[in-house]
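Trainee: I would like a close look at a single part of this model, with the other parts brought in for context. Please keep to what can be computed from the atoms.

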Amino acid sequence: SIKSRVALKDVSRFGTLVNGKKLMKNVEVVLNSGDVIKFGSQSSEFKIILIPLMFVCSAMENSSLIPVAAKIGGVFRKDWTLDCTHLVMKSITVTIKVVQALISCRPVVHPRWLEEACKVVASGANALPDPNE
């Protein structure tokens, strides 16, 4: 299983604040879910929110994929909910879960995508494979 990690380093002219505290220049800090970031003199604030990987299968069994998803920090659900992040299918057919994923603008991925994601994570890469490929 992986642990999500987001880091920030201030290389700006005007400084960066995390939770109201100014960062030291060129020093990387690890951010946590809930941290608020403000860049320079701008009044815009950004909040870091961890969105866990939540998978749902449609028209297939998920039992062999549960340990694969766990390797990348994901879990499977039986039914589609608003916090689901991916729908897993071997081929596209019109199901209620497909409609729900499309309405929610969530990617529909093949089981191979999960296997590729595990390889990427094992290699130490910083991002999961593009679900559009």
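What is the relative accessible area of Glu-116? Please start from that residue and its surroundings.

Mentor: The relative accessible area of Glu-116 is 38%, so the residue is partly exposed; the class runs between buried, under 20%, and exposed, over 50%, with a 1.4 Å probe and protein chains only. This is a predicted model, in which local features need pLDDT of at least 70 and side-chain atom pairs count only at pLDDT 80 or more, while totals for chains, interfaces and linings use all residues. Residues are numbered from 1 along each chain as its sequence is written, and side-chain values use heavy atoms, without hydrogens or water.

Glu-116 makes a salt bridge with Lys-119, and the closest N and O atoms of this pair are 3.3 Å apart. The term stands for a side-chain nitrogen of Lys or Arg within 4 Å of a carboxyl oxygen of Asp or Glu. Both residues belong to helix H3 (residues 111-122), where three residues, about one turn of the helix, separate them. Helices (H or I, at least four residues) and strands (E, at least two) are DSSP runs numbered from the N terminus. Lys-119 counts as exposed because its relative accessibility is 54%.

The whole structure contains three salt bridges. One of them joins Asp-10 and Lys-25, with 3.8 Å between the closest N and O atoms. This pair links distant parts of the chain, 15 residues apart: Asp-10 is in the loop between strand S1 (6-9) and S2, and Lys-25 is in the loop between S3 and strand S4 (28-31). Asp-10 has 1% relative accessibility and therefore counts as buried, whereas Lys-25, at 41%, counts as partly exposed.

Strand S2 (residues 16-18) and S3 run antiparallel and are joined by two bridges; strands pair if DSSP finds at least two bridges between them. In this pairing Leu-17 stands opposite Lys-22 of S3. Both strands are part of an open sheet of four strands in the order S3-S2-S5-S6, with antiparallel pairing. Its edges are strand S3 (21-22) and strand S6 (45-47), each of which pairs on one side only.

Arg-77 and Asp-83 form another of the salt bridges, at 2.7 Å between the closest N and O atoms. Asp-83 is partly exposed because its relative accessible area is 35%, and Arg-77 counts as partly exposed at 28% relative accessibility. Arg-77, in S8, stands opposite Val-56. Strand S8 (residues 75-77) pairs with S7 in the parallel sense over three bridges, and strand S9 (residues 86-88) also pairs with S7 in the parallel sense over three bridges.

S7, helix H1 (residues 66-71) and S8 form a right-handed β-α-β unit; right-handed here means that, with the strands pointing away from the viewer, the path from the first strand over the helix to the second runs clockwise.

Lastly, Val-94, Ile-96, Val-99 and Ile-103 make a nonpolar surface patch of about 440 Å². Patches take residues with over 30% relative accessible area and no salt bridge, joining like charges within 9 Å and nonpolar side chains (Val, Leu, Ile, Met, Phe, Trp, Tyr) within 5 Å; areas come from the Shrake-Rupley method with a 1.4 Å probe, and for residues only the protein chains shown count as cover. Ile-96 is placed in helix H2 (residues 96-103) and counts as exposed because its relative accessibility is 60%.
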